[in-house]
Amino acid sequence: MTPVHTFELIIGMLLAVLVLQYVALRLRLPPAVALLIGGGALAFVPGIPTIQLDPELVLVIFLPPLLMDGAWFTAFAPFRRHLGGIVSLAVGAVLFTTAVVAFVTKLVVPDLPWAACAALGAIVSPPDAVSARAVLQRVTLPRRLMTLLEGESLLNDATGLVLFRFAVAAAVAGTFSLGGAVGTFGVLVGGGILVGGAMGAVWTLLVRRLGNDHLMITASVLVCWSSYLAGEALHVSGVIATVTAGLVCGWNQHVVFTASVRLRGVAFWQVLIFILEAMVFILIGLSLREVIERVGGLGVVLQDMAGPIAAIIVAMTLARFAWVFAADAIAGLLTRAGLQGFERLGAPAATVMSWAGMRGVVTLAVALSLPEAMPGRDLMLVTAFAVILVTVLVQGTTLGLIIRWAEMREDDRDKPPLDLFAAEAAMLRAQLTAVERQAVSADGEILHPQLLERYQNRATNSEKLVTWNQSKPHFVQLLSQEQEFVLWLAGRRTSSF
């Protein structure tokens with residue numbers, strides 16, 4: 001395929017994205033579902049070239065900005081408060097799911113080596129940040145659950161990728177060291193935090209001195225890829241580096257950005273993320289034909305692989321339920337024992353957490369990166385694709401029903417400490433009431449019409465801003481960060497007197 005044909009294919013994919021997104025809105029479907037189904041259907045249209053994804057290129061292009069987007073708009077206070085739960089999901093749940101899937105795979109495919117079974121478990125165990133975002137932005141959850149799910153999706157890829165690396169090495173070379181694996185994991189995570197923190201600090205110093213809106217926005221877009229590539233070049237976790245840089249930049253944006261830069265930057269960033277997310281799912285759908293052709297056709301898949309794949313998907317799903325409910329029960333025991341800092345989710349919230357385990361681009365890209373000599377490579381490829389389809393199509397479309405069944409309520413401790421827009425609206429209403437008493441005489445004559453009109457317009461515009469803010473989820477997250485910063489700054493100034 002020539003470069004011109006490649007460009008034509010990209011334009012065609014963007015047009016397909018517009019059509020499929022419009023269909024999803026009209027049919028009230030999650031856009032990820034429409035894009036997966038549409039991409040899979042387009043893959044078998046005569047004349048459409050076979051899509052062969054380069055796994056390294058896919059990860060480098062799509063993963064850093066989508067991770068940065070989640071980290072940038074993460075409110076730091078809830079993230080820190082629920083860090084224990086996030087780590088439990090991002091590390092503990094991934095390790096447990098990997099072990100369960102490896103055990104079940106060995107049962108249903110006895111000839112597959114244990115290391116290969118572990119590699120398959122590492123491929124399918126971490127829920128995907130892109131899939132989670134695509135589904136979660138369509139539902140309403142209490143802030144605590146949203147923080148846990150988004151935090152998990154930001155960090156668990158690092159755990160899955162490290163497990164996958166060691167499992168593949170053990171399967172190919174036949175050697176494995178538990179101590180070496182734990183030590184390497186610590187180096188990758190710790191090094192990623194250091195690299196990401198350094199990149200965030202460099203970004204903060206650089207943006208302060210640029211002094212131009214377009215340059216500041218461009219530098220903010222580039223920091224995600226810079227952090228990821230720097231982490232990978234230094235042989236640490238590029239995922240952790242990107243997430244750390246996003247948290248640092250998101251916190252410091254209030255200091256270095258003007259209001260105009262923030263508004264322009266958020267608008268540009270939302271369009272970029274929309275395009276990247278949509279392209280990810282349609283690329284997954286378009287790669288279906290190439291995956292089926294690799295393993296010998298649809299008949300081979302249905303005859304030889306359907307049973308083991310179904311068993312693996314069930315094991316993966318039940319493993320997440322088992323981990324979430326067990327961790328919630330342990331938290332309850334620790335709370336009753338008098339230990340502080342452990343909060344139970346409850347059965348309804350734990351059910352939602354367990355069901356929200358969508359897989360996506362990382363699962364497919366990691367599966368495609370399997371070496372040709374890997375035992376059971378064909379089964380792993382098809383299983384990875386089946387896991388993505390089932391979790392996005394089934395869990396993604398039914399998550400809203402599960403949430404409505406659960407009837408969860410917002411925890412007051414996880415609400416933003418101060419709603420600045422609502423507070424301003426209340427203040428302007430009080431001012432308008434006071435002005436009306438002075439501007440209108442006892443017999444109803446308006447004494448100061450211009451003053452009254454000015455305060456009426458202010459109150460009306462403030463109410464509209466509150467309504468608009470409630471309809472913009474990204475802006476709500478940004479506002480939460482702004483509130484934290486204002487309170488922190490006020491505390492510093494108060495303590496200095």
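**Entry 1: the overall picture.** Before counting, I noted that helices (H or I, at least four residues) and strands (E, at least two) are DSSP runs, numbered from the N terminus. With that in hand, I found 20 helices and zero strands in the protein chain. I remind myself that this is a predicted model.

Entry 2: How many of the residues count as buried? The protein chain has 497 residues, and 49% of them count as buried. I then looked up the surface: the chain exposes about 23,600 Å², with carbon and sulfur atoms supplying 66% of that area. I also checked the contacts between residues at least 6 apart in sequence, and 82% of these join residues at least 24 apart.

**Entry 3: an enclosed helix.** I stopped at helix α16, which runs over residues 361–368. Eight of its eight residues are buried, so the helix is largely enclosed by the rest of the structure. I wrote their names down: V361, V362, T363, L364, A365, V366, A367 and L368.

**Entry 4: cysteines.** How many disulfides does the structure hold? I found zero. A disulfide is a covalent bond between the sulfur atoms of two cysteines, so I looked at how far apart the sulfurs are. For C224, the closest cysteine sulfur belongs to C249, and at 9.7 Å it is too far for a bond; the cut-off is 2.5 Å. C224 is buried, with a relative accessible area of 0%. I looked up C117 as well, and it counts as buried because its relative accessibility is 0%, where buried means under 20%.

**Entry 5: helices α10 and α11.** C224 and C249 turned up again here, one on each side of a helix contact. Helix α10 covers residues 213–233 and helix α11 covers residues 238–256; their axes come within 7 Å and cross at roughly 155 degrees. That angle makes α10 roughly antiparallel to α11, since angles over 145 degrees count that way. Their crossing is right-handed. On the α10 side, the contact includes M216, V223 and Y228, and on the α11 side it includes G238, A245 and V256.

**Entry 6: helices α6 and α17.** Last, I turned to α6 (residues 114–124) and α17 (residues 377–406), whose axes come within 10 Å and cross at roughly 25 degrees. That makes α6 roughly parallel to α17, and this crossing is right-handed. Which residues meet here? A116, A119, L120, I123 and V124 in α6 meet M380, T383, A384 and V387 in α17.

Definitions and conventions:
Residues are numbered from 1 along each chain as its sequence is written. This is a predicted model: local features need pLDDT of at least 70, side-chain atom pairs count only at pLDDT 80 or more; totals for chains, interfaces and linings use all residues. Side-chain values use heavy atoms; hydrogens and water are left out. Buried means under 20% relative accessible area, exposed over 50%, partly exposed in between (1.4 Å probe, protein chains only). Contact means heavy atoms within 4.5 Å. Accessible areas come from the Shrake-Rupley method with a 1.4 Å probe; for residues, only the protein chains shown count as cover. Axes are lines fitted to C-alpha atoms, for helices over the stretch in contact, and angles run from 0 to 180 degrees between N-to-C directions. Angles under 35 degrees count as roughly parallel, over 145 as roughly antiparallel, 65 to 115 as roughly perpendicular and the rest as oblique. A crossing is left-handed if the near helix is turned anticlockwise from the far one by less than a right angle, and right-handed if clockwise.
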